Amino acid sequence: MSLFVFYYSNQDVGTKIKMSQAGISRMKAPLVPLGTLIGLEIRKETVEKPLIKYGNAALAKKGEDYFLVKLDCERVPGDPSSSFSVFAIFDGHNGISAAIFAKENLLNNVVNAIPNGCTRDKWLQALPRALVAGFVKTDIEFQQKGETSGTTVTFVVIDGWTITVASVGDSRCILETQGGVVSLLTVDHRLEENVEERERVTASGGEVGRLNVFGGNEVGPLRCWPGGLCLSRSIGDTDVGEFIVPIPHVKQVKLSSAGGRLIIASDGIWDALSSEQASKACRGLPAELAAKLVVKEALRSRGLKDDTTCLVVDITPSDYPALPPTPRRKQNKLTSLIFGKKLHKSINQSNNKLSAVGAVEELFEEGSAMLAERLGKDTPVDANSGGPLRCAVCQADEQPSDDLSINSDPLFSSATQPLEGPFLCTVCRKKRDAMEGKRRQNAK
Ligand SMILES: [Zn+2]
């Protein structure tokens, strides 16, 4: 079976369709090659925005779960054709202020980190970095308030058929596509289950171990100390330590025009149900009902032990009332027959993998906790302009303090070492060093 997925930007298609129409009328050509007609038809379908329907359900135990649904965001302010949707879950701990703060500020901080006047392609390409910047900025701003609560964040941006998910903590987002194929779009940042994160926390100065009670017996999941948090990434947690970083795992995929279903939920669901169980519990039902059924199923299997919040989002072709029961593979074959690889065009530079079933194109995935890597080491710092530079995280303009040392810690680099990453202001640079454990080492 060969499946083929291709990508067209709005602009591309617009131009091509306009050119074709102009060309056709000018030449008064009565015959249009069949391939062209089919091509126009397929491209039209690609451009066409999917229908988005969602449902949510929640049961509170501690009242620390929050969620955000925003369907009317605009890439170009004032232009409804540039709309995108945001769905997010914030599972707070040690209080609710971090969850509320993230819910109110994160979207703005992400959007403000994307350069103005981008085409749709460029906007989607810039989104993963903007999500990193937005998460870190939100964390810095919350910490400046001096409050100690923290929150997981699972933040989903849907633009056309492209889904971008950024997450810290353990509120998962799963994707079900044609034929019931379920995949995880997030990574659990739990110390118990994530060896890499345990190693990172230890290397950055944290200690990982279980709670000691009952005369020295170790109980419960692995936690980091000081603080005793089970998570390795979050927004907030000022009192825990900077090794609990707000740098999200980001994954960007493009659905085929057959669509798919997202289930975004806090750990109250995932401690009770596997991804497959959650999908199965609501398969074939409308989103509003689906979310309620997932919560009900989690409750049935485990009881109400934690806050339990679930968002179900259906992304479907606008002429389909729900996910069609069988995959529409015919068109994919036709497409690949006609266009071959010639028209394959990706919005990302490399690593485009194609999962065979459900035809989901993976555009981007990165989970490193190193800020410079995430913001692009290749981004040159234009230190010779003499003017103020814009911070890649908080977007504040700052006059670089002295020549080329703007981005390097004198203890860790020499003059001959090339600068890494884009410009960061004093505050964000301090944050980066603290997250990597440098402040602690310097203090010794
Ligand atoms: Zn900054």
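Predicted model: local features only at pLDDT ≥ 70, side-chain atom pairs only at ≥ 80, totals over all residues.
The chain comprises 444 residues, of which 42% count as buried, and its secondary structure consists of 12 helices and 17 strands. When contacts between residues at least 6 apart in sequence are considered, 69% join residues that are at least 24 apart.

Strand 12, which spans residues 260-265, has 6 of its 6 residues buried, and it is therefore largely enclosed by the rest of the structure. In a regular strand the side chains alternate between the two faces of the sheet. In strand 12, Gly 260, Leu 262 and Ile 264 point one way, while Arg 261, Ile 263 and Ala 265 point the other way, and the residues of both sets are all buried. Strand 12 is paired with strand 6 (residues 172-177), the two running antiparallel and being joined by 6 bridges; within this pairing, Arg 261 of strand 12 has Glu 176 standing opposite. Strand 12 also pairs with strand 13 (residues 308-316), again in the antiparallel sense and over 6 bridges, and here Gly 260 stands opposite Ile 315 of strand 13.

Two packed helices are described by the angle between their axes and the distance between the axes. For helix 3 (residues 97-111) and helix 4 (residues 120-144), the angle is about 140° and the axes are 9 Å apart. Helix 3 is therefore oblique to helix 4, an assignment that rests on the cut-off by which only angles over 145 degrees count as roughly antiparallel. The crossing of helix 3 past helix 4 is right-handed. On the side of helix 3, the contact is formed by Ala 98, Phe 101, Ala 102, Asn 105, Leu 106, Asn 109 and Val 110, which meet Ala 130, Leu 131, Gly 134, Lys 137, Thr 138, Glu 141 and Phe 142 of helix 4. Classified by residue type, this contact of helix 3 with helix 4 has 8 nonpolar, 4 polar and 2 charged residues. An α-helix has 3.6 residues a turn, so residues three or four places apart point the same way.

Helix 11 covers residues 426-435, and its buried residues are Cys 428, Arg 429, Lys 431, Arg 432, Asp 433 and Met 435. Just after helix 11, Gly 437 adopts a positive phi of about 80°.

Conventions: Residues numbered from 1 in each chain as written. Axes fitted to C-alpha atoms, helices over the stretch in contact; angles between N-to-C directions. Helix = DSSP H or I, 4+ residues; strand = E, 2+ residues; numbered from the N terminus. Parallel < 35°, antiparallel > 145°, perpendicular 65-115°, else oblique. Left-handed = near helix turned anticlockwise from the far one by under 90°. Contact = placed C-beta atoms within 7 Å. Nonpolar A, V, L, I, M, F, W, Y, C, P; charged D, E, K, R; others polar. Buried ≥ 20, exposed ≤ 12 C-beta atoms within 10 Å, placed from the backbone. Pairing = 2+ DSSP bridges.
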